[in-house]
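Welcome! Take a look at it below, and then we will walk through it part by part.

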Amino acid sequence: MTSSMLFNIATFSYLISMLAFFAFLAVKSRQVGLAGSLASYFGFIVHSAAILLRWKESYDMGMGHAPLSNLYESVVFFAWTIILIFGIIDLKYKYRVVGAFVVPFALLGMAWAQLGLHSGIQPLVPALQSNWLLYHVITCFLGYAAFAVACGISIMYLIKSGKDESAASGQGGIIAMFPSIKILDDLNYKAIIIGFPLLTLGIITGAAWANYAWGTYWSWDPKETWSLIVWFIYAAFLHARFTRGWVGKKAAILSIVGFAATIFCYLGVNLLLSGLHSYGGGG
Amino acid sequence: MTTSNRGFLEALWDFFCSLKLAIFLLIMLAATSIIGTVIPQGTPPPEYLQTISDAKYKIYSALGFFDMYHSWWFILLLYLFTVNIVACSIKRLPRVWKAISEPTLVMDEGFEKTLGLTRDFKMDGDAATLRDKMAAFLKGEFAEPVVTERDGEFHLFAQKTPYSRLGVYVVHLSIVVIFIGALIGSFFGYKAYVNIVEGTGTSVVYNRNGQKPIDLGFTVRCEDFSVSFYDTGAPKEFKSLLTVIDGGKVVVDKRPIIVNDPLTYKGITFYQSSYGPAGEGGLYHFTVRERKGGAPVKLSLHQGERKLLPDGSSMQVLEAAQEVSQFIPQFQGPAARIEVTPKGGGTPQVFIVFQNYPDFDSQRGGDLIFSYDGSDEKMFTGLQVAKDPGVWVVWTGCFLMVVGCCMAFFMSHKRIWIRVRKGHVTLGGSANKNQPGFQLAFDALVDKLKQQ
């Protein structure tokens with residue numbers, strides 16, 4: 001059994017999970033919804049095992065390092081954190097249907113990683129040989145994942161609020177399974193207050209590492225700057241909630257814009273701009 | 001002060017206190033920050049300048065887009081942001097502080113109506129008995145209550161984590177602290193660099209902005225520099241052995257520094273950053289033997305120097321590397337590219353010889369077989385040198401920010417009031433955050449109380 005096979009099984013589980021959640025929206029059967037959750041949890045367990053196995057494999061190859069060092073590994077880890085945050089929301093708040101809009105993000109990441117990215121284990125370049133790598137990457141990606149979940153919830157919010165406006169009568173269709181817009185608004189906020197401190201920690205650990213490795217905690221590198229842009233957007237979101245007229249629809253849009261900026265910070269900076277975080281070239 | 005002056009000042013104060021300004025500034029900072037990630041910062045490379053017109057270049061220069069994060073308008077935004085944060089905090093803090101230090105101890109009927117959560121039920125016993133029972137209950141299940149007597153009724157008040165209300169102000173303070181740290185660093189610190197050739201030392205480093213020399217007050221020697229590679233040819237480790245000599249005494253002896261493991265002495269930190277050949281006349285050593293037999297000949301030469309070989313041809317070294325695997329991944333170790341010109345002229349041959357593969361050149365099939373014995377070429381190590389007395393202030397700010405975020409997001413100020421009359425108990429509760437969660441806890445508490 002190789003980690004690569006396990007990653008494929010996890011990807012397939014997320015596909016099943018997503019299809020089950022879509023079916024759940026259509027047929028409204030509790031069992032189908034449960035099947036969606038169980039498929040994603042099964043995938044998550046296999047996924048976790050695969051990450052650990054890949055870690056071990058890197059030691060067997062004589063260059064032991066945490067599997068967080070290139071684009072492939074980071075996309076795989078990102079998908080893992082998305083399912084983790086979804087699992088927390090599912091188990092804690094019991095809004096399973098959110099999975100229909102969150103699991104696809106994880107599936108997309110896994111499918112891209114498995115099909116489109118170079119998956120070889122590479123040795124760590126000197127700049128990455130530090131324990132800070134682990135702290136920095138884990139906090140950043142947990143934050144990103146919370147924002148992904150918030151984005152999925154915000155999309156649900158916009159669909160639901162749009163439908164509510166157009167047809168006040170209709171409680172039919174797929175949106176019948178959606179939580180009320182008030183709950184979606186609240187879940188959006190909850191996901192962001194998980195993500196924001198994690199992003200803050202991610203930026204701080206990145207700054208601490210940069211200071212330790214290069215002697216500057218902040219150098220306006222594009223990646224640093226974009227992480228700050230994301231931070232500003234979510235800070236604006238949090239403050240906007242205290243201002244009348246900025247809850248609901250505007251908050252949902254701001255949350256989606258925030259996640260778009262997050263994705264640009266994660267991928268766009270590496271693929272389109274140049275800077276210190278050079279793993280993006282290894283596509 | 002005239003009325004209009006007063007009106008203006010008040011309007012200005014309100015402007016700086018407004019949440020709308022905060023949101024506007026956050027979005028402006030986010031939007032303008034994008035510019036510097038798209039336009040190259042510092043001295044723009046010529047290739048970039050060719051892609052933009054003269055007019056554009058003038059506009060960009062005038063707006064400071066090539067050093068955007070230090071331009072007057074970006075700094076102004078940051079100052080406005082700071083003033084906004086401070087003003088907002090000053091305006092709101094006294095009210096919050098009052099809610100913490102002078103809580104409402106008595107829940108009268110008017111106050112009860114303002115609470116989202118209230119329960120009312122009968123319970124046997126006179127007021128004093130019930131008071132003691134409720135006090136013991138709150139102490140055991142929630143928090144130690146304060147008891148107030150008014151008009152023959154007893155009022156109990158208990159609260160949890162009132163200080164969590166300060167979380168947001170801790171975050172605001174942390175931002176100001178980080179800015180102060182950054183200012184200290186920019187006024188009293190520097191970022192510099194220095195290249196030291198193996199076996200030599202320096203007491204002067206060069207500022208990265210403007211190349212101004214800075215006297216360290218002590219000497220740093222590079223005893224040795226080495227670089228190692230993975231099998232794939234990717235670099236594994238750059239290592240310099242540094243010795244610090246202060247006042248004629250060796251205070252740090254041959255301390256290895258690598259990327260991610262710098263050396264700090266007297267608040268000045270040295271980071272491994274780059275390396276290269278020192279470039280000054282190292283000798284390259286070769287052994288040459290003739291295929292038809294005979295004693296091998298050893299010869300040494302400088303780069304560019306031409307030497308005569310036993311058969312009358314001549315050779316010179318074109319280039320050499322300490323580690324060839326970064327260019328030719330199949331081979332490792334030192335290698336040299338040499339050019340051999342046949343006796344009396346003719347087409348020169350260019351080929352590579354490797355120190356770790358002494359028999360490799362025999363496969364070339366030439367009359368002369370070369371092997372490379374390495375060089376005594378010296379390397380230099382490139383060090384980043386930084387002094388930043390503000391960095392601990394920045395870390396303090398970061399710590400405050402994380403603590404403040406946790407207080408602001410994950411803790412709430414929970415309050416419970418109980419009013420006790422003869423045979424009658426009224427409970428009220430409030431939380432400043434996560435009301436649904438508090439409602440569950442409140443209901444559970446009431447159920448437990450009823451079972452007693």
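## Domains and how to read the model

Domain bounds here come from an automatic or database domain assignment. For chain A, this assignment gives domain 1 (1-124) and domain 2 (149-283). Taken over C-alpha atoms, the centres of domain 1 of chain A and domain 2 of chain A are separated by 20 Å.

The model is predicted: local features need pLDDT of at least 70, side-chain atom pairs count only at pLDDT 80 or more, and totals for chains, interfaces and linings use all residues. Residues are numbered from 1 along each chain as its sequence is written, while chains are lettered from A and ligands numbered from 1 in the order in which they are written.

## Where the two domains of chain A meet

Two residues are in contact if their C-beta atoms, placed from the backbone, lie within 7 Å. The contact between the two domains takes 20 residues from domain 1 of chain A and 15 residues from domain 2 of chain A. On the domain 1 side, the elements giving two or more residues are α1 (3-27), α3 (71-93) and α4 (99-116) of chain A. Helices (H or I, at least four residues) and strands (E, at least two) are DSSP runs, numbered from the N terminus. The largest share of that side, seven residues, comes from α3(A).

By class, the domain 1 side has 16 nonpolar, three polar and one charged residues. Here Ala, Val, Leu, Ile, Met, Phe, Trp, Tyr, Cys and Pro count as nonpolar, Asp, Glu, Lys and Arg as charged, and the others, Gly among them, as polar.

## Chain A meets chain B

Between the chains, 35 residues of chain A are in contact with 37 residues of chain B. On the chain A side, α6 (181-214) and α7 (222-240) of chain A are the elements that give two or more residues. The largest share, eleven residues, comes from α7(A). This side of chain A divides into 26 nonpolar, nine polar and no charged residues.

Helix α6 of chain A also holds A:Lys182. This residue counts as exposed because A:Lys182 has 11 C-beta neighbours inside 10 Å; the cut-offs are 20 or more other C-beta atoms within 10 Å for buried, 12 or fewer for exposed, and partly exposed in between, with C-beta atoms placed from the backbone.

## The layout of chain B

Chain B is divided into domain 1 (3-93), domain 2 (103-161 + 412-451), domain 3 (188-279 + 380-388) and domain 4 (287-373). Over C-alpha atoms, 61 Å separate the centres of domain 1 of chain B and domain 4 of chain B.

An unreviewed UniProt entry lists residues 12-39, 71-90, 166-190 and 392-412 of chain B as "transmembrane region"; such positions are given in the numbering used here, feature names are shortened, and annotations may be inferred rather than shown by experiment. Residues 166-190 of chain B are 88% helix and 4% strand, with end C-alpha atoms 36 Å apart. Residues 392-412 of chain B are 90% helix and 0% strand, with end C-alpha atoms 30 Å apart.

## A sheet and an uncovered helix

Chain B has an open sheet of three strands in the order β12-β11-β17, with antiparallel pairing. Two strands pair if DSSP finds at least two bridges between them. Strand β11 (residues 283-290) of chain B pairs with β17(B) over six bridges, and B:Phe286 stands opposite B:Tyr372 in β17(B).

Just after α4(B), B:Gly64 takes a positive phi of about 70 degrees.
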